[in-house]
Each structure stands twice: as C-alpha cells, then as structure tokens.
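Please consult the sequence and the structure while reading.

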Amino acid sequence: MARNTDERMRKPSLLRRLLGRPELGSAAGVVLVFSIFAVIAGDRGFLSWLGTVNYLEVSAQLGILAVAVSLLMIAGEFDLSIGSMIGVAGMAIAIPVKLFGWPVWAGVLLAFALALAVGYFNGWLVIRTGLPSFIVTLAALFILRGLTIGVTRLLTHRTIVSGLHPAIQEDPIAPIFTAAPFGVPAAVFWWLGLTAIGAWVLFRTAFGNWIFGAGGDAQAARNVGVPVARVKITLFMGTSFSAALLATLQVLDAGSADVLRGQLKEFEAIIASVIGGNLLTGGYGSVIGASLGALIFGMVRQGFFFTGIDTDWFQVFLGAVLLVAVMFNNYVRKRAVEAR
C-alpha cells in the first residue's frame, strides 16, 4: 500500500522559504546595484575605502529613520512628520547652546524629550480620533516645520544657527555622536546597532508579535489581549526618537542647525522600507529589509556621483524603484500565502 503523506507535514522547498522572506528583493537589489557600480565606477573611487565610507554614511542617515519607520509600517501606520522633527530637534539643540549658553548635553536631552512628546501626541491623536495616521502626521509635518521656522526667525532673525563647534568640542557626550573609529562615522554604528535591536524586537520578543498583530488585524489582536494602542503609540515615539537621533548626529557633526534640514526624509524612509519588503497595508515586513533598502539608496546616490551622472536623475530612480518594489512585494506576499 502506498504511503500517504500529509501535505501539512511536507517541508517547504528552499524557493518557497526564500519567497516568504520580505528581505529577498532588497538583498537581491543590493547585490545588483553594487555589481553595476563596481563595474562602471570601480576605478573612479566607488570601491575605495573612502568611497565605501561615503555611501555607508549616506545609507546610515536614512537607515536610522528607516528602522523605526519600518516597525511603524508593519503596525499599519505612517509618520510623515519625521522630516520636520529633524528640523525641530536640531534647533532644540542649537538655539539653547548658542543663545543661552546651555551645555550641548542639555540641548540633546531637550531635543529627545521634545521628540518623544511629539511622537506620543501623534500616536495618541491617531488612536483617540480614529483618523488615518497619514492625515494626522501630514498635519504635524506642516505645523512642526512652520513652528521651527517661526520661532527660529523670532529668536535669531535667521534660519541657520551655526558656530557650535567650540561647545561641542568641550562636551563630554559629544564623542558618542561624533567619533569615527577607523574613519567610519558614528552614524554607521548607530544604524547597525538600531537595525540589530529592531530585528531582535520584531522577531524574538512578544512585542514584535504584537506589532505584526496590530498591523495585520487590529481588532483581532485586541480580542486576544494585544495592547494595540500602547504598541502604536510606542512606535510613533520610536520614529520621533530616530528623527531626534539623526538631528543630533547632524548638528554635532556640522556644528550648525538649519530649519529646513530633514526635508523629504519622511518619504525617503518610507521608500527604503518598501524596497525592504514592508507592505503599505501593514502586517508584513522586515527591519533588516528596510536597512538594505537604505543601503541601496546610499550606494545609488554616491554611485551617481562617482559615475558623473547628474544627480537630478536620482529622484527618477527613487520613483521607479518604489513602483517596482511595491509590485514585487505584492507578488512575493501572494506567493508566500499560497505556500502555506
């Protein structure tokens, strides 16, 4: 008699397991983009140590945001205010230090406190009103940018606050944000550390399961005891925290703050997350994939520079990659569901 095999007991093939990984597309993209620029611009500096550090730094600045944004997207929400939050946090450091003589560490604490408060309010307002997070945080984007410009002009009569290097050099916490071991900027280490922490939280903790549940079916998650409101508010605070961290890295590196710093970063972070396999509908995605998406972003931006291609074409690339990534992610998701 032939032995019957229960379909549910069959081990899925390697291809099906790979198709079930949201990072598949971004990992393949990293290999493809690196190979293209290694061939075209390898002898123009792309493969040099300095060239590598350059695109890693660009990737890191976006990746810090993308890690937090991807977690929020998996939970089914968006935060369009993080670009403006970068400007707010930067001025929260620069103005007290420059005008009132605060130590840099106090300005940094103020920036993070403001960011966490804004993130909490955004999350609370989304939960309380039931409005789409897209609308709530879009409003916050304009409110925060307008307040930053208005307050900065009122206090300094300009939109850029500079001359912070003397205070930065004397501050005890500055090396955490400005050190460059082996010539690698601190932002790269922050990015890698946050990616590792985010991946661990998402795939190894109960909170990570709550994130997937909140994004997949919020009502069903509530029915089994998931604190959906607390999860989403925490993640909104996380995106604002990441914006404050990036602002701190930029201000302490440049010794200045600009009210317009961070423009369009909210969209770039979403694009990196989508390239990394995160669905716009929530409930599916990967922190590692988002970081790989940021790496693609950095390699292409610097690759354009090394090849001499006009960087005006970079936005064309972003739009095209976003469209392709969404279609590919939908295909992968469909195949992954069929494989179950």
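Which residues in α4 meet which residues in α6? The answer is given under the second heading below.

## Basis of the description

This is a predicted model, in which local features need pLDDT of at least 70 and side-chain atom pairs count only at pLDDT 80 or more, while totals for chains, interfaces and linings use all residues. Residues are numbered from 1 along each chain as its sequence is written, and side-chain values use heavy atoms, with hydrogens and water left out.

## Helix α4 against helix α6

From α4, the residues Gly 83, Ser 84, Met 85, Gly 87, Val 88, Met 91, Ile 95 and Leu 99 meet Leu 141, Leu 144, Arg 145, Thr 148, Thr 152, Leu 155 and Thr 156 of α6. Contact means heavy atoms within 4.5 Å. By class, this contact comprises 8 nonpolar, 6 polar and 1 charged residues; Ala, Val, Leu, Ile, Met, Phe, Trp, Tyr, Cys and Pro count as nonpolar, Asp, Glu, Lys and Arg as charged, and the others, Gly among them, as polar.

The axes of α4 and helix α6 (residues 133-156) come within 8 Å and cross at roughly 20°. Axes are lines fitted to C-alpha atoms, for helices over the stretch in contact, and angles run from 0 to 180 degrees between N-to-C directions. Helices are DSSP runs (H or I, at least four residues), numbered from the N terminus. The two helices α4 and α6 are therefore roughly parallel, a term for angles under 35 degrees. Their crossing is left-handed, meaning that the near helix is turned anticlockwise from the far one by less than a right angle.

## Helix α4 against helix α5

Helix α4 (residues 82-100) also packs with helix α5 (residues 104-129), at an angle of about 150° and with the axes 8 Å apart. That makes α4 roughly antiparallel to α5 (angles over 145 degrees). On the α4 side, the contact includes Met 85, Ala 89 and Ile 93, and on the α5 side Val 104, Gly 107 and Leu 114 are among the residues involved. The contact of α4 with α5 divides into 13 nonpolar, 1 polar and no charged residues.

## Annotated spans and domains

An unreviewed UniProt entry places the feature "transmembrane region" at several spans, including residues 21-42 and 133-155. Residues 21-42 are 82% helix and 0% strand, with end C-alpha atoms 31 Å apart. For residues 133-155, the span is 100% helix and 0% strand, and the end C-alpha atoms lie 32 Å apart.

The domain assignment gives domain 1 (45-308) and domain 2 (310-339), with bounds from an automatic or database assignment. The C-alpha centres of these domains lie 22 Å apart, and their contact takes 14 residues from domain 1 and 14 residues from domain 2.

Methods. Parallel < 35°, antiparallel > 145°, perpendicular 65-115°, else oblique. UniProt positions renumbered as here; feature names shortened; annotations may be inferred.
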